[in-house]
Amino acid sequence: MSANQPSATPTVTRLARYTKADQEEILGTGDDPFGVAGAGLTWLPKEDHFGVRLDGRLVAHAGLLRLPVAIGDVRTEVMGVGGVAVAPAVRGRGLARLVLAAALDHARTRGPAHALLFCRPPLVPLYQRLGWHPLPLDTDVLVEQPGSALVTMPLRTMTTPLRDTASLPAGRVRLYSLPM
Ligand SMILES: CC(C)(COP(=O)(O)OP(=O)(O)OC[C@H]1O[C@@H](n2cnc3c(N)ncnc32)[C@H](O)[C@@H]1OP(=O)(O)O)[C@@H](O)C(=O)NCCC(=O)NCCS
């Protein structure tokens, strides 16, 4: 089979880079492809990128970034997950599940015991289906913004353990970085 033919089961590859053009290949050139512009936040680019190509076109992506945090009074690190995106024409076929599974397989090799992501409230059930857990609504999650501002994350925070025995400490979450 040539590299350009779609295979029956799409495979995830580690991407050497992930540019704005790559994101636009997946989500198009709209102003607010993630539906989070209303939050008015500045986001970090991710460091590690995983993608799915169909017929040579990038159609799915998930990014990873290791981040310092405090959870309650525990200083630790988490694997931040972000930029999860699937092209509109191929949604509902398990590509988010596939690309996130590959990203989390890699995250498990990095050390932190938990992965963390932010999402719009309507996506909470989707991520729960994929094994993620929402932090309770009354848990404050503080993230940094340019100019040393510390702001409360208005989106939902979801976590998933990266080790069988990992349990998340209780309490307020504070990212020592911009959100991812
Ligand atoms: C969110 C997004 C990535 C989902 O991609 P997708 O490829 O359609 O997702 P999948 O097909 O892998 O579905 C994942 C799982 O969630 C389930 N699911 C989908 N919608 C659901 C819902 N409303 N409630 C519960 N489960 C849901 C699916 O059935 C699937 O589970 P299954 O594999 O057990 O059947 C895609 O819609 C997208 O790119 N949206 C725009 C960008 C965005 O908002 N990204 C999220 C940033 S946090």
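A salt bridge is a side-chain nitrogen of Lys or Arg within 4 Å of a carboxyl oxygen of Asp or Glu. With that in hand, welcome to some close-up views of this predicted model.

**Figure 1. Arg14, Asp48 and Arg110 are joined in a network of salt bridges.** In the link between Arg14 and Asp48, the closest N and O atoms are 2.8 Å apart. Arg14 belongs to strand β1 (residues 12-15) and Asp48 to strand β2, so this pair ties together parts that are 34 residues apart in sequence. Asp48 is buried, and its relative accessible area is 10%. In the structure as a whole there are seven salt bridges.

**Figure 2. Arg174 and Glu144 form a salt bridge.** Here the closest N and O atoms are 2.6 Å apart. Look for Arg174 in strand β10 (residues 173-175) and for Glu144 in strand β7 (residues 141-145); the pair therefore ties together parts that are 30 residues apart in sequence. Arg174 counts as buried, because its relative accessibility of 17% falls under the 20% cut-off. Glu144, in contrast, is partly exposed, with a relative accessible area of 25%.

**Figure 3. Asp22 meets Arg17 in a salt bridge.** The closest N and O atoms of this pair are 3.8 Å apart. Asp22 is buried at a relative accessible area of 12%, whereas Arg17 is exposed at 57%.

**Figure 4. Trp43 and Phe118 form a tilted aromatic pair.** A search of the whole structure finds two aromatic pairs, and this is one of them. The ring centres of Trp43 and Phe118 are 6.4 Å apart, with 55° between the planes. Trp43 sits in the loop between α1 (20-27) and β2 (48-54), while Phe118 is in strand β5 (residues 114-119), so the pair ties together parts that are 75 residues apart in sequence. How exposed is Trp43? With 27% relative accessibility, Trp43 is partly exposed. Phe118 is buried, with a relative accessible area of 11%.

**Figure 5. Tyr127 and Trp132 form an edge-to-face aromatic pair.** Their ring centres lie 6.2 Å apart, and the angle between the planes is 70°. This pair counts as edge-to-face because its angle is over the cut-off of 60 degrees. Both Tyr127 and Trp132 are buried.

**Figure 6. Arg75 lies over the face of Tyr176.**

Key
Residues are numbered from 1 along each chain as its sequence is written. This is a predicted model: local features need pLDDT of at least 70, side-chain atom pairs count only at pLDDT 80 or more; totals for chains, interfaces and linings use all residues. Side-chain values use heavy atoms; hydrogens and water are left out. Rings of Phe, Tyr and Trp (its six-membered ring) pair if their centres lie within 6.5 Å; planes under 30 degrees apart count as stacked, over 60 as edge-to-face and the rest as tilted. Helices (H or I, at least four residues) and strands (E, at least two) are DSSP runs, numbered from the N terminus. Buried means under 20% relative accessible area, exposed over 50%, partly exposed in between (1.4 Å probe, protein chains only). A charge sits over a ring if NZ of Lys or CZ of Arg is within 6 Å of the ring centre and within 35 degrees of the ring normal.
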